[in-house]
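Me: Hi! Could you walk me through the aromatic contacts and the main pocket in this one?

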Amino acid sequence: MLMSGDDVAKTSSKRRAPLWARLCAIFGCILMVLSGSALVGGQVLMARYAGAVDNADLFGNAASATKVSDIKGPLNILLVGVDPRSEEQTPLSDSIIVVHVPRTMDQAYVFSIPRDLVVDIPSFAKTGFRGTRGKINSAMGFGSAVGNGKHDPVQGFDLLARTVQQLTGIQKFDAGAIINFGGFKKIVDAMGGVTMKIDQNVKSEHLQPNGKPRPRLARCADHSCEHPYYGPQAEYKVGTRHLEGWQALDYVRQRYGLPKGDYDRQRHQQQFIKAMAKQALSKDVVTNPTKLDKVLKAAGNALTFDGNGHSVVDWGFALKDISSENMTLIKLPGASLFNNGRYQGEGLEDSADEFFSSIRTDAVGTFLFQHPEYFNNNA
């Protein structure tokens with residue numbers, strides 16, 4: 001049944017907008033969009049979004065996965081951000097985010113795992129990998145080889161998930177997604193840009209002020225240099241800024257030159273997710289069918305999803321009570337590790353074990369009350 005503009009206004013005034021696709025928000029794409037009951041053609045848009053999403057067996061258990069009747073908390077979701085690469089390139093997980101949804105299903109706790117965190121990476125029979133101790137962002141690469149010099153990030157996700165499970169003690173993830181960072185740009189552009197708080201001055205390692213790539217030093221063509229670029233840099237200065245897609249993506253990728261390196265980048269990525277949530281909720285997006293259609297399709301094309309038997313729309317409805325206001329952003333305290341003056345990676349403080357225990361027992365709220373330093377107040 002089609003609704004007139006007046007009907008939509010009356011429906012919205014009576015209750016909070018029924019926001020169905022929280023999945024897009026929590027899965028790092030958009031946060032939420034209006035359900036079909038509050039938007040002309042909403043059911044069509046949902047079908048298009050679901051059809052655009054690339055469904056895959058990220059956890060390597062498709063044969064044994066059984067769909068349960070309902071999605072119930074507590075839930076743990078693993079999100080991995082990757083830069084687009086060819087089949088011949090080894091995929092690296094540039095962003096690793098875990099979302100914990102408590103039994104009440106009305107809030108979400110979001111934390112990032114440092115990409116350079118030194119962990120034990122387990123063996124992986126599919127590739128003959130025997131296991132090692134190294135940086136966690138290499139786990140996807142170790143698990144991705146499929147023969148003939150080809151690499152599959154979907155298969156690599158499986159080993160990364162096992163590595164995160166071993167680190168945190170989480171028995172299994174209820175859902176997972178690979179988010180293509182290149183797709184982020186299209187999402188932001190479809191929304192008309194995103195307004196977000198820049199909390200520190202940042203210079204781009206990769207792009208010029210006009211958005212074009214910075215030139216690469218000839219002597220660094222073999223990727224032997226840590227900083228291979230030269231020339232003018234795009235800058236992001238402190239304040240509330242409206243960013244185009246390429247600017248937002250570039251900003252959240254930066255870590256070189258920042259006081260806390262990857263910890264600063266993690267905070268900026270969390271700020272970006274929350275800013276996208278706000279933008280997706282704005283009237284400029286949710287009441288504009290044409291723009292909303294573009295946003296949904298861009299989000300679908302950026303996402304590879306495994307809902308353990310449930311579709312992306314099933315998950316969207318299950319997480320309908322989560323909004324940007326009840327999303328708590330968490331920072332894991334840690335520090336750099338050195339051996340004879342050489343950087344080895346990152347390590348977490350001992351209290352992280354207690355935090356991981358609170359996830360397993362669904363007591364994150366209690367833990368945060370006792371450890372307020374874990375709140376990411378700047379995000």
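**Rings and pocket**

Reply: Happy to. In this predicted model, ring pairs join Phe111, Phe355, Phe356, Phe367 and Tyr374 in a cluster.

Me: How many aromatic pairs are there in the whole structure?

Reply: A search of the whole structure gives 10 aromatic pairs. Take Phe338 and Tyr343: their ring centres are 5.8 Å apart and their planes are at 65°, so that pair is edge-to-face.

Me: And what about Phe355 and Phe356, how are their planes set?

Reply: Those planes are at 50°, with the ring centres 5.8 Å apart, so the pair counts as tilted.

Me: Phe355 and Phe356, buried or exposed?

Reply: Phe355 is buried at 1% relative accessible area, and Phe356 is buried at 2%. As for the other pair, Phe338 counts as exposed, at 55% relative accessibility, while Tyr343 is partly exposed at 36%.

Me: Switching to the largest pocket: how much space lies in it?

Reply: About 1,100 Å³. It is lined by 33 residues, and the closest to its centre are Arg115, His206, Tyr229, Arg255 and Tyr256.

Me: Where does the charged end of Arg255 sit?

Reply: Over the ring of Tyr256, 5.0 Å from the ring centre.

Me: Nice. Which element supplies the largest share of the lining?

Reply: Helix 8, with four residues. Helix 7 (245-253), helix 8 (262-281) and strand 17 (342-348) each give at least two residues to the lining of the largest pocket.

Me: Last one: how many of the lining residues are charged?

Reply: 15 are charged, alongside 11 nonpolar and seven polar residues.

Note on methods
Residues numbered from 1 in each chain as written. Predicted model: local features only at pLDDT ≥ 70, side-chain atom pairs only at ≥ 80, totals over all residues. Heavy atoms only, no water. Phe/Tyr/Trp six-rings, centres within 6.5 Å; stacked < 30°, edge-to-face > 60°. Buried < 20%, exposed > 50% of the residue type's maximum accessible area, 1.4 Å probe, protein only. Lys NZ or Arg CZ within 6 Å of the ring centre and 35° of its normal. 1 Å grid on protein atoms, 1.4 Å probe; cavity = no way out; pocket = protein on both sides within 12 Å on 5 of 7 lines; lining within 4 Å. Points joined across faces, edges and corners; volume = space filled by probe spheres on them. Nonpolar A, V, L, I, M, F, W, Y, C, P; charged D, E, K, R; others polar.
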